[in-house]
Amino acid sequence: MSTIEEQSIRIAHRSKTLRRTALACPDTSQGLAVQDLTDIYYFVQVVELGSFTAASKALGVAKSQLSFRVARLEASLDVRLIQRTTRRSHVSEIGRRYYEQCRLLLAAAEQTQRVIDEAQAAPRGRIHVACPVLFAQLLLAPILVNFLRQHPDVQVDLDICHHQVDVIAGGYDIAFRVRDSIKDSSLVMRSYGMDPQILVASPELLLRQGRPTQPIELKRLASLGVINAEGRHFWHLQAADGRTQQVEHHPSLVSDDLQVLYQAVIGGVGMAQLPQFVCREPIAEGRLVPLLPAWSLPPGNVHAVYPSRHGHTPALRCFIDFVAQRMPQVLRRTQQGLLAENARPVQEQRAFG
């Protein structure tokens, strides 16, 4: 087999990826047409290999099919590209000039396909991630370190956010959150587990304002809250027997920063709903007091959101799967007080208070 034939067969394999692609021109109502990129490819092979017979052998395509595809191309252009008789054929002058431009077109099409192939071959490129500060420090950091060690061609832009970001408008590939309810149905959600919540106050606050024994008595205590779109704040409580109570409160401080809320609770500014694992140590030390132990709060859903289930780059797809495999275990260890080594300084430096 000649070098030209070998090259044409290799390109023929590549052409399968181009068969659904069209070279768009103004529509036929304007007097012009739309050319199929595969027709152009077959035309180029006929010119380069010297005849329909040689191109048919090299490409493994019937000669009649090649003739039909080239004729269709000529009809769409309203020009004769290859002059044909029953015994021989030759490329017309306009056909030769058109061939030179088609070579450039096919080279560009092959290069665009190569970009996609390389992107899908291995995880590489940049991922844009949004994450709350405490989530990043305690849960994501150890996973992220291991991910980047295993995938050195991936770069991560980690945006530490103190509020719930708009994933699509902000240009994020993925965002991590902890919420007791999921309201944005336009995003794909992947849950890693539940984070028990607890209502706590400082001993100082309880000395000043009294310790509540029933949900309704929470109204007399100063409170802290998390920013929400509705602007109203409620404690949603459930007893062991299934009874529920909803108590509205009016926080003196509202924030999406868990560390700020923690410090405010410790400082006696008000009571607050916090993750149970954050409160375990200060409760044991007597710096925080759990309220209404017979009643429970809705747990937080530890999860990620991203815009679509499809069309992910290999880097993002690999990252989503990597986190999903490891996050539940890291969450359990954190809730049990077994923090990863690179998250331990958060506790040792008393970043919470």
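Let me begin with a term: a crossing is called left-handed if the near helix is turned anticlockwise from the far one by less than a right angle, and right-handed if it is turned clockwise. Keep in mind, too, that what you see is a predicted model.

Okay, the helix pair. In this model, helix 2 passes helix 4 in a left-handed crossing. Helix 2 covers residues 37-49 and helix 4 covers residues 63-77. In general, two packed helices get described by the angle between their axes and the distance between the axes. Here, the axes come within 9 Å and cross at roughly 115°. Angles of 65 to 115 degrees count as roughly perpendicular, and helix 2 and helix 4 are therefore roughly perpendicular to each other.

So who touches whom? From helix 2 we have Thr 38, Asp 39, Ile 40, Tyr 42 and Phe 43, and they meet Leu 66, Arg 69, Val 70, Arg 72 and Leu 73 of helix 4. Sorted by type, the residues of this contact come out as six nonpolar, one polar and three charged.

Now, the charged side of things. How many salt bridges does a search of the whole structure find? It's 15, and I'll pick out a few.

Start with Asp 36 and Arg 69, whose side chains meet in a salt bridge at 3.8 Å, N to O. Asp 36 is partly exposed, at 21% relative accessible area, whereas Arg 69 counts as buried at 12%.

Arg 69 also forms a salt bridge with Asp 39, and there the closest N and O atoms are 2.3 Å apart. Asp 39 is in helix 2 and Arg 69 in helix 4, so this pair ties together parts that lie 30 residues apart in sequence. Is Asp 39 buried or exposed? Buried, with a relative accessible area of 3%.

One more, from another part of the chain. The side chains of Glu 248 and Arg 232 meet in a salt bridge, 2.9 Å from N to O. Glu 248 belongs to strand 12 (residues 244-249), and Arg 232 lies in the loop between strand 10 (224-225) and strand 11 (233-239), 16 residues apart. Arg 232 is partly exposed, at 47% relative accessibility.

Key
Residues numbered from 1 in each chain as written. Predicted model: local features only at pLDDT ≥ 70, side-chain atom pairs only at ≥ 80, totals over all residues. Heavy atoms only, no water. Axes fitted to C-alpha atoms, helices over the stretch in contact; angles between N-to-C directions. Helix = DSSP H or I, 4+ residues; strand = E, 2+ residues; numbered from the N terminus. Parallel < 35°, antiparallel > 145°, perpendicular 65-115°, else oblique. Contact = heavy atoms within 4.5 Å. Nonpolar A, V, L, I, M, F, W, Y, C, P; charged D, E, K, R; others polar. Salt bridge = Lys/Arg side-chain N within 4 Å of Asp/Glu carboxyl O. Buried < 20%, exposed > 50% of the residue type's maximum accessible area, 1.4 Å probe, protein only.
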